[in-house]
Amino acid sequence: MPDFTLYSYFRSSCSARLRIALNLKNLNYDLVPVNLLKGEQLSESHRALNPSASVPLLVCHNTPSASSSSSSSSSSSDSHPFKITQSVAALEYLEEAHPSTPALLPSDPRARATARSLALTVACDIQPVTNLRVARRVRHLGAGDAQVDEWMRGLMAEGLAAYETLVASSAGTYSVGDDVSIADCCLAPAVWNARRYGVDLSPFPVIHRIMAQLEELPAVKKAGYFVQPDTPESLRGKAD
């Protein structure tokens, strides 16, 4: 059995964050597709695994906690798979459980805070207001497809503008210096989504430069939207 099972959707930016991190760290994982458009995340079986009815869900096998050797009760509970239902928490867990393969958080405390701030700019400011669940709610309130697309473009552009301003003082090859960090794991899928909706990315030269480097990494290529097991045949081979 692989060490991890990732419940994922090919075009879920949150799922892609974890695919990138797992690939970068060369961790062995199985991928279980969950079709968001068909509502599979709302099924009773998926809700039993993730009450948020969302992806990603990271199930960790054979990864006992540090306390497992201290008591029989801890050891018993650690024999069951450990589930993480939020992508940023999962990124942090992967970093803490596998800190040097490679590290996704800098050693310097200030640089670590910067990486986390940039990651959360995407995870808190951009993704929650532009995800499928919110888009469906906006449509339910009477917005047409053109209005929903305008909603998406505007909020993505605002969030990326904030990222661009913040990252200008920390960027090297990547978002924080010359090593890939959790910030980059979050940035790449956010840019893929922005391209999908036709966001004008020309005002973001630092992001553009970082993405050019990220998209050359095999781990990022392998995590792309259009090379996943559940990518529809009509979309295979497209550029993210």
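1. Let's start with Ala212, which sits in helix α9 (helices are DSSP runs of H or I, at least four residues, and strands are runs of E, at least two, numbered from the N terminus). At 39% relative accessibility, Ala212 counts as partly exposed (buried means under 20% relative accessible area, exposed over 50%, partly exposed in between, with a 1.4 Å probe and protein chains only). Ala212 and Val176 are 36 residues apart along the sequence, and their C-alpha atoms are 15 Å apart in space.

2. A quick word on what you're looking at. This is a predicted model, where local features need pLDDT of at least 70 and side-chain atom pairs count only at pLDDT 80 or more, while totals for chains, interfaces and linings use all residues. Residues are numbered from 1 along each chain as its sequence is written, and side-chain values use heavy atoms, with hydrogens and water left out.

3. Now the domain. The UniProt record, an unreviewed entry, puts "domain: GST C-terminal" at residues 108-233 (such positions use the numbering used here, names are shortened, and annotations may be inferred rather than shown by experiment). In the model, that span is 64% helix and 0% strand. Its end C-alpha atoms lie 44 Å apart.

4. How far should helix α5 reach? With 18 residues (109-126) at 1.5 Å a residue, α5 should span 26 Å, and its end C-alpha atoms are 25 Å apart, which agrees (the expected span is 1.5 Å times one less than the number of residues). Even so, α5 has a kink of about 30°, centred on Leu120 (the bend is the angle between axes fitted to the seven residues ending there and the seven starting there).

5. Look at the start of α5 too. Asp108 caps the N-terminal end of this helix, with a side-chain oxygen 3.0 Å from the backbone nitrogen of Arg110.

6. Which residues of α5 are buried? They are Ala111, Ala115, Leu118, Ala119, Thr121, Val122, Ala123 and Ile126. The cover over them includes α1 (13-24), α4 (87-97), α7 (145-167) and α8 (182-196).

7. Is Glu92 buried or exposed? At 17% relative accessibility, Glu92 counts as buried. Leaving aside neighbours within four places in sequence, Glu92 is in contact with Leu105, Arg116 and Ile182 (contact means heavy atoms within 4.5 Å).

8. How many salt bridges does the structure hold? There are five (a salt bridge is a side-chain nitrogen of Lys or Arg within 4 Å of a carboxyl oxygen of Asp or Glu). One of them joins the side chains of Glu95 and Lys25, at 3.0 Å from N to O. This pair links distant parts of the chain: Glu95 is in helix α4, Lys25 is in the loop between α1 and β2 (29-33), and they are 70 residues apart. Both Glu95 and Lys25 are buried.

9. Another salt bridge pairs the side chains of Glu215 and Arg195, 2.9 Å from N to O. Glu215 lies in the loop between α9 (205-214) and α10 (218-223), and Arg195 in helix α8, so the pair ties together parts that are 20 residues apart in sequence. Glu215 is partly exposed, with a relative accessible area of 24%, and Arg195 also counts as partly exposed, at 35%.

10. Glu233 and Arg236 make a salt bridge as well, with the closest N and O atoms 3.8 Å apart. Glu233 counts as exposed at 64% relative accessibility, whereas Arg236, at 32%, counts as partly exposed.

11. Check the prolines next. The peptide bond from Val55 to Pro56 is cis, with omega near 5°, and Pro56 lies in the loop between α2 (44-49) and β3 (57-60). A cis peptide bond also joins Thr101 and Pro102, with omega about -10°. Pro102 lies in the loop between α4 and α5.

12. Last, two backbone angles. Asn26 is a residue other than glycine with a positive phi, near 55°. Asn26 lies in the loop between α1 and β2 and counts as exposed at 68% relative accessibility. Ala53 also has a positive phi near 55°, in the loop between α2 and β3. Where Asn26 is exposed, Ala53 counts as buried, at 4% relative accessibility.

Definitions and conventions:
Polar contact = N/O pair within 3.5 Å; in protein donor to acceptor, adjacent residues only side chain to side chain.
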